[in-house]
Every structure is written in C-alpha cells, then in structure tokens.
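Here's a quick briefing to read with the model open beside you.

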Amino acid sequence: MRFGLNFFPSFRADDLSAAEYFDQVLRLSERADQLGLSSIKTVEHYFHDYGGYTPNPVVLLSAVAARTRRARLITGAVIPAFNHPIKLAGELAMLDNLCHGRLDVGFGRAFIPKEFEAFGVDLDDSRARFEEGIEAVVRLWTEKRVTFRGRFHAFRDIHLLPRPVQVPHPPVWVAAIQSRESFVWAGTRGYHLMIVPYAGSLERVAELVAVYREAWRAAGHPPGGERIQSSLHCYIADTHRAAVEGYRRPMLRYLEVFAEAVDSWKGCDAAQYPGYDKMVAGIVSTTPESLLEQQAALVGTADEVVERIRYHRTLFGEHEPSLQINFGGMAEAEATRTLERLAARVMPEFSWEGAP
C-alpha cells in the first residue's frame, strides 16, 4: 500500500512566513523520500490563506525534485481554466525532465468563485474549459505537431519543447469532490482519481468512487489499473489524548481559512456545481471534533490510525492516503513526529497488503 504527503498551505501570516513554510515543506519532503513514502503532492489556489501560497505547484515541486530521489511528484491539482494549455503542457514537461520522469499530473476544475471572478472565467464554463484543457495538454505531450481548435483555445502547428520524459506522457489524475459527472468522466477516460473525503460524507464519497470504478470497467480499461488517492489530515502522537489535543488548534485554523475561501459562494448559483451550496454549508459547520466523529481524519496513536485506514479501505477499496501533516500553521516538530511515526509504525502494517 502506498502513502504520500499532501502539502496544502492553510495558515495565516502571523503563524509563519511563506519562506518558512516552503523551507518546512522541503525538509519534510526530503525526509519523506528517505523514509519510503511514495508521493509528494501540492495544490494550485489563489488569494486566500486557504491554498493561496501555492499559486503554481510546478514551482514548489521543482524545488522538491531537487531534494528527493524516489518519490513521485504530483500536481494536486493544476487548473486548466486558469492556464493556457501550451504554457501548462510546457511547464509540466519541463518538470518531468527535472525530476527524471517522476511526475504525475493531477488536473482540477477549481471551485472557489472568487478565483473564477479574478481570472474573468465563467463558473458555468469550468467543465468545458477543464476537459478542453486536458485534451490540448495531452495532445501537445504526445503528438509531434499539434493544430488545435477548441471553444476557448486555438493554435496551429505547435511542436512542444521540452518533450516529457515519460512515454506517452506522465500519468493523469482528476480531482473530484462532489460532482458525479466528474467521477464518470475520469473513469471513462481512464484517468486516476483524487478524492477529498472530508469535503462530504464518507458514504457519499464511497458511492462516487464506486461510480468511477464502474465507468472505468465499462470503458474497457484494464481491470485493477485505476488508482485512487485520498486526501486526509493526519496527526499521530503517543497517546490518543495528546493526538486530539495537538490536532485541534491547527485544524481550527485550517477550517477557519477554508470557510473564508468558500464564503464567495454566498449568493452564487452555478449549474456546473450541483450540491456545492450544501457542501459549503457543511464546511462552515465543520469542527475538529465532527471530523473525528465522521472518521474523516487520521488522528490518534499509530495503532488507531492503522485501524482508521483499514476502515477507509472497506469504503473506497485499494487507495493511497495522501496526508496533510503540516496543516494549519503547526510547528514543524509536530509534523515531523507524525511523519516518523507514520513510517515506523503505520506503513509497515500495510507492507504486505495490496499494492507495494
């Protein structure tokens, strides 16, 4: 079973500076690579303390590439709606060369209205821009010369440089949260899947994962070839009480900046995002305690975290936990402690289960 780290900045300037956060990410990434974690992922967001410190995941992952040797580097995710496909394809291909073919590319639609407003992009065009952008990027990676005419982008006789190291192209992932259509589309196209269980009920996400797997099978893709990553917060300590108490303050900060970012949904109605009003209401009402009650965070002793992961496997099947261990501006020592305990006492329990 694979395990990865997910770096999603969620802190205030009075918690730590951007430079301090990036230094922390690089040290944790280097140690995770040494300890045998399989992947390191970061996000594209803007403007808010929720994610906004990484407007370009390619930049941060390039620095991570220089500090690691084995872990896969994953964009989790880049946003086609906010990027020209030629520029995006070229930057990602460059990163694939810098890390010698260790890149996985996750694409997302984005879901924060303020970001769409700032870029002058209509929320109701998000799916069309997403699908067109991925099509254009994949063609630029795989075809020698590309002429493309879509609804949003058109270009003629483009030969992309550099070419990706991986042939035919880096593995493609799709980030999906609530929209059934996104899960079906990813499975039908044969793309891997990124899920966020804490953004909805575990049972609902499990239903959507089953929909994805059925779409994968129905499209004739190789049985068992699909991969799923689950984004989760993780805090491990020697006692249950110490873990819960340590997790609570940074989780409060995370939820605070998350609620602030989705505040722009107030008064916003977008047909492309059915059910997001309920999701936003759920985020605003979420507490650190409710996440624990819903079993949507990995918090406790190493043994308790092992049992929680096993429970998630009954819901989602084989998947890779992609763990946020330095959320909410927490001290680096706390994140390092979780990482060390994860590698020493959690990962070995799954070394014989599922995929290596």
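Glu226 counts as buried, at 15% relative accessibility, where buried means under 20% relative accessible area, exposed over 50% and partly exposed in between (1.4 Å probe, protein chains only). Its side chain meets that of Arg213 in a salt bridge, 3.0 Å from N to O; a salt bridge here is a side-chain nitrogen of Lys or Arg within 4 Å of a carboxyl oxygen of Asp or Glu. Keep in mind that this is a predicted model, in which local features need pLDDT of at least 70 and side-chain atom pairs count only at pLDDT 80 or more, while totals for chains, interfaces and linings use all residues. Residues are numbered from 1 along each chain as its sequence is written, and side-chain values use heavy atoms, with hydrogens and water left out.

**Salt bridges**

- Searching the whole structure turns up 28 salt bridges.
- Arg213 and Glu226 meet at 3.0 Å, N to O. Arg213 sits in helix H7 and Glu226 in the loop between H7 and E9, so this pair ties together parts 13 residues apart in sequence. Arg213 is buried, with a relative accessible area of 15%.
- Helices (H or I, at least four residues) and strands (E, at least two) are DSSP runs, numbered from the N terminus.
- Arg227 and Asp104 also pair up through their side chains, at 3.9 Å from N to O. That one links distant parts of the chain: Arg227 is in the loop between H7 and E9, Asp104 is in strand E4 (residues 103-107), and they are 123 residues apart.
- A network of salt bridges links Arg12, Asp14, Asp15, Asp49, Arg253, Glu256 and Glu260.

**Helix H7**

- H7 covers residues 202-218, and at 1.5 Å a residue its 17 residues should span 24 Å; the end C-alpha atoms are 24 Å apart, which agrees. The expected span is 1.5 Å times one less than the number of residues.
- Its buried residues are Leu202, Val205, Ala206, Leu208, Val209, Val211, Tyr212, Arg213, Ala215 and Trp216.
- The cover over them includes helix H6 (180-189), strand E8 (192-195), strand E9 (228-236) and helix H11 (302-316).
- Just past H7, Gly220 adopts a positive phi of about 85°.

**Helix H2**

- In H2 (residues 57-67), the buried set is Pro57, Val58, Leu60, Leu61, Val64 and Ala65. Looking down the axis of H2, these buried residues fall within an arc of 160°, so they line one face of the helix. The arc is that of the directions from the helix axis to the C-beta atoms.
- Val59 and Ala66 are exposed on the other side of H2.
- Helix H1 (18-35), strand E2 (39-42), strand E3 (72-78) and helix H3 (85-98) are among the elements covering the buried residues of H2.

**Cysteines**

- How many disulfides does a search of the whole structure find? The search finds 0, a disulfide being a pair of cysteine sulfur atoms within 2.5 Å.
- Cys99 is buried, at 1% relative accessible area, and Cys268 is partly exposed, at 27%.

- Ser39 lies in strand E2 and is buried, with a relative accessible area of 2%. Leaving aside neighbours within four places in sequence, its contacts (heavy atoms within 4.5 Å) are Phe3, Gly4, Leu5, Ala71, Arg72, Ile74, Gln229 and Glu320.
- His240 lies in helix H8 and counts as partly exposed, at 42% relative accessibility. Not counting residues up to four places away in sequence, His240 touches Gly300, Thr301 and Glu304.
- The C-alpha atoms of His240 and Pro170 are separated by 40 Å, with the two residues 70 apart along the chain.
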